[in-house]
Amino acid sequence: MTNYQIKALPETTITGYATQLPLPTLENVAQVSQQKSAHFGALAKSGQFGALMAGSRDKVGYALSGVHDGQLEYFAGANTTVNAKNAEIREIPAGNYIVLTAQGGPSRQLFDELIKQFFSEILPKRPELYTGDSFVVEALLNGNPMDAVVELRLPTTVTA
């Protein structure tokens, strides 16, 4: 089973850009993953993500996923000092988070593996960890999406 930690994390303000995606299912999970990559890729190619990261307070790239109006909102951004045109702001609340880590490969692949491990291996054995109607945070810690160091963070009411 995948190892995880429960950590108390501070509130984080993320500035970035949202896209609406279909809710992931067993049938479309690969397609949704490709759409997440395409969203990040478009922001990188346009220079929008680089501009946010230039003013990053913590040098971490974030993606925040949550269900809104029957769709998955996928929000990519940074904890930045930059006031980017047409960007939106999301608050990641302070609290306890289940944190899973991985490294050594493409970030999207690592995030997808951690998501699968959490929902198929950890959560069935520890259902109290995650309410299911919340959000998921993906954090790229090293700035290298092709040889990534990543954390998957899920809010929990459980303490360490």
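1. Where is Asn-86 found? In this predicted model, Asn-86 sits in the loop between strand E4 (71-80) and strand E5 (88-92). Its phi is positive, about 65°, although Asn-86 is not a glycine. Asn-86 has a relative accessibility of 63%, and because the cut-off for exposed is over 50%, it counts as exposed.

2. A positive phi also turns up inside a strand. Lys-59, not a glycine either, has a phi of about 60°. Lys-59 belongs to strand E3, which covers residues 56-68.

3. Next, the pairing of E3 with E4. The two strands run antiparallel and are joined by nine bridges. Within this pairing, Gly-61 has Ala-78 of E4 as its bridge partner. The hairpin of E3 and E4 has two residues between the strands, and Asp-69 in this hairpin takes a positive phi near 55°. Gly-70 is placed in the loop between E3 and E4. With a relative accessible area of 52%, Gly-70 is exposed. The C-alpha atoms of Gly-70 and Leu-21 are 9.6 Å apart in space, while the two residues are 49 apart in sequence.

4. E3 has a further partner in strand E7 (residues 135-140): six bridges join them, and the strands run antiparallel. Here Gly-66 is bridged to Phe-135 of E7.

5. How many salt bridges does a search of the whole structure find? The search finds eight. Side chains of opposite charge can pair when their charged atoms come close.

6. Glu-138 and Lys-36 form a salt bridge, with 3.8 Å between the closest N and O atoms. The pair links distant parts of the chain, since Glu-138 is in strand E7 and Lys-36 is in helix H1 (residues 29-46), 102 residues apart. Both Glu-138 and Lys-36 are buried. The N to O distance of 3.8 Å counts because the cut-off for a salt bridge is within 4 Å.

7. Arg-90 is paired with Glu-73 in a salt bridge whose closest N and O atoms are 3.0 Å apart. This pair, too, links distant parts of the chain: Arg-90 lies in strand E5 and Glu-73 in strand E4, 17 residues apart. Are these two residues buried or exposed? Arg-90 has a relative accessible area of 18% and is buried. Glu-73, at 12% relative accessibility, counts as buried. Both values qualify because buried means under 20%.

8. Asp-112 and Arg-108 form a salt bridge with 3.0 Å between the closest N and O atoms. Both residues lie in helix H3 (residues 107-125), four residues apart, about one turn of the helix. Asp-112 is partly exposed at 28% relative accessibility, whereas Arg-108 is buried at 12%. Through salt bridges that share partners, Lys-36, Arg-108, Asp-112 and Glu-138 are joined into one network.

9. When checking the model, I would view that network with its elements labelled. Glu-138 is in strand E7 and Lys-36 in helix H1, while Asp-112 and Arg-108 are in helix H3. Strand E7 is the one joined to E3 by six bridges.

Methods
Residues numbered from 1 in each chain as written. Predicted model: local features only at pLDDT ≥ 70, side-chain atom pairs only at ≥ 80, totals over all residues. Heavy atoms only, no water. Buried < 20%, exposed > 50% of the residue type's maximum accessible area, 1.4 Å probe, protein only. Pairing = 2+ DSSP bridges. Salt bridge = Lys/Arg side-chain N within 4 Å of Asp/Glu carboxyl O.
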